Amino acid sequence: MPTKITYYAIVDDFSSKDEPAGVLRRIEDDEGRDDQAFGRDLKWGHSPLLYSYERGNMDNQLYEISEDEANQIVERIRRTVSGEG
Amino acid sequence: MEIDRLRDDDAPLVVADSAAADVAGAADAAGPADGPDAAEVTEAGEVTEAGEVTEAGEVTEPGEVTEPGGYDERDERAAARAEYPAKVEAEYLHAAREYWRTTAHPAFEAEWTGYVEDHPRPPKAPASVDEAAADTVRLGCREIRETEDKIVTPAMLRIEAEDPDRHLTGLEFRCKGEGRIMEKVAHDMQYKGRTAGEALANLKDAIRYTLQYVEEHYTEGVYADVDRLKAADFELVELRNSWEGEQYKGINSRWRVPENEQLFEVQFHTEISFEAKQLTHPAYERLRDPVTTKAEQEDLTDFQRRVNLYVPSPEGALGIPDYP
């Protein structure tokens with residue numbers, strides 16, 4: 001199975017679809033699946049948000065987005081963390 | 001070792017067979033499937049033409065069945081047809097409940113026990129946040145517990161008392177543990193750039209309740225309890241219907257306490273959907289854990305999916321709309 005990556009914008013009470021709080025990706029391949037979010041340490045790390053969302057948790061809304069849109073959120077986080085944003 | 005898999009189609013086949021037999025039985029009782037106005041020849045009489053005079057001296061309508069016994073028989077058939085969907089639903093629910101109680105639930109419990117024995121795991125390390133953030137969380141948790149104790153739980157108990165057909169279940173879990181709250185705050189600080197205070201304010205299920213209904217009263221019960229919560233001056237923030245979900249069945253809603261803006265959660269379940277949720281909770285906890293491998297995540301989501309296959313949806317539940 002070729003690797004499939006699905007991206008999601010994370011929106012909470014302090015953010016919006018136009019300016020999401022973060023970005024999540026679900027990676028699926030022959031080994032299984034893994035959900036990762038892009039952190040303020042500028043690395044992708046395991047995130048439970050999608051599993052929580054699938055169990056009805058509404059702390060965050062997750063909106064499926066394109067890879068380009070995901071990259072824009074990653075860049076915004078990079079700029080924010082480095083003080084450029 | 002992988003999870004010992006129950007065949008996906010075990011219960012649906014049994015339930016479906018039972019339902020099919022019930023359908024056949026009910027259909028026999030109700031007569032042919034065409035409408036009550038269709039012209040039929042019965043053992044009791046013959047189809048008449050308009051204006052024909054019967055032996056009893058009565059003038060008939062077109063298609064009407066002659067006496068003796070014709071009217072009574074047709075009324076009985078109409079009544080049987082009217083009762084038919086409810087009868088099938090009741091028989092289906094009975095079969096589904098029995099199968100869950102006697103077969104599926106014990107089998108899944110045993111399967112999970114075996115899985116845990118085959119996949120031992122050290123206790124999870126507590127979430128790590130800086131001391132200032134930890135202080136914010138501890139203070140916040142005290143305030144949350146005070147709101148729960150003085151405002152929300154008394155109101156929920158009053159609401160529960162208004163209808164004996166359902167009850168609050170799992171009340172002992174109404175306050176999320178400080179460790180789990182710390183974990184969520186740490187995640188939001190790391191992955192959403194939130195302060196500890198913001199992360200705490202975004203937490204919608206630090207206080208949570210579950211109302212449990214029998215399937216037959218679920219849909220009307222949910223609507224009635226949403227109205228009761230509103231009448232108690234709580235503000236509905238969000239409601240999500242997950243009855244079509246693969247990993248979880250039920251409805252979760254979020255509410256706001258007007259006095260201090262504190263959010264709390266109310267879940268609407270049937271007995272089986274609540275037990276399925278409890279049964280799969282340890283799998284969900286493992287899914288959240290960063291040390292869980294990709295292959296294990298597959299097993300765990302598969303376990304959750306298979307458990308939820310056995311949860312019957314109450315009539316009308318799928319139509320309860322999300323809010324907003």
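In which loop of chain A does A:Leu42 lie? A:Leu42 sits in the loop that runs between β3 (32–38) and β4 (44–46) of chain A. Please keep in mind throughout that this is a predicted model.

I begin with the backbone. A:Leu42 has a phi near 65 degrees, a positive value in a residue other than glycine. With a relative accessibility of 31%, A:Leu42 counts as partly exposed. In chain B, B:Glu261 also has a positive phi, of about 70 degrees, although it is not a glycine. B:Glu261 is placed in the loop between β4 (251–256) and β5 (263–270) of chain B. Then there is the peptide bond from B:Tyr323 to B:Pro324, which is cis, with omega near -5 degrees. B:Pro324 belongs to the segment after α8 (294–308) of chain B. As background, most residues other than glycine have a negative phi, and most peptide bonds are trans.

I turn now to the salt bridges. Over all chains, the count comes to 34. Within chain A, A:Arg26 pairs with A:Asp35, their closest N and O atoms lying 2.7 Å apart. A:Arg26 and A:Asp35 are both buried.

Another salt bridge joins A:Asp59 to B:Lys184, with the closest N and O atoms 2.5 Å apart. This pair crosses between chains: A:Asp59 is in the loop between α1 (49–54) and β5 (61–65) of chain A, and B:Lys184 is in helix α4 of chain B. Both of these residues, A:Asp59 and B:Lys184, are buried.

Within chain B, B:Glu216 forms a salt bridge with B:Arg97, the closest N and O atoms being 2.7 Å apart. Because B:Glu216 lies in the loop between β2 (208–213) and α6 (218–231) of chain B and B:Arg97 in helix α2 (residues 70–118) of chain B, the pair ties together parts that are 119 residues apart in sequence. B:Glu216 counts as partly exposed at 43% relative accessibility, and B:Arg97 counts as partly exposed at 28%.

Finally, I return to helix α4 of chain B, residues 178–192, where B:Lys192 is found. Is B:Lys192 buried or exposed? Its relative accessible area is 1%, so B:Lys192 is buried. Leaving aside residues up to four places away in sequence, B:Lys192 touches A:Ile10, A:Asp12, A:Ala21, A:Arg40 and A:Asn60 in chain A, together with B:His187 and B:Asn202 in chain B.

Definitions and conventions:
Residues are numbered from 1 along each chain as its sequence is written. Chains are lettered from A and ligands numbered from 1 in the order in which they are written. This is a predicted model: local features need pLDDT of at least 70, side-chain atom pairs count only at pLDDT 80 or more; totals for chains, interfaces and linings use all residues. Side-chain values use heavy atoms; hydrogens and water are left out. Helices (H or I, at least four residues) and strands (E, at least two) are DSSP runs, numbered from the N terminus. Buried means under 20% relative accessible area, exposed over 50%, partly exposed in between (1.4 Å probe, protein chains only). Contact means heavy atoms within 4.5 Å. A salt bridge is a side-chain nitrogen of Lys or Arg within 4 Å of a carboxyl oxygen of Asp or Glu.
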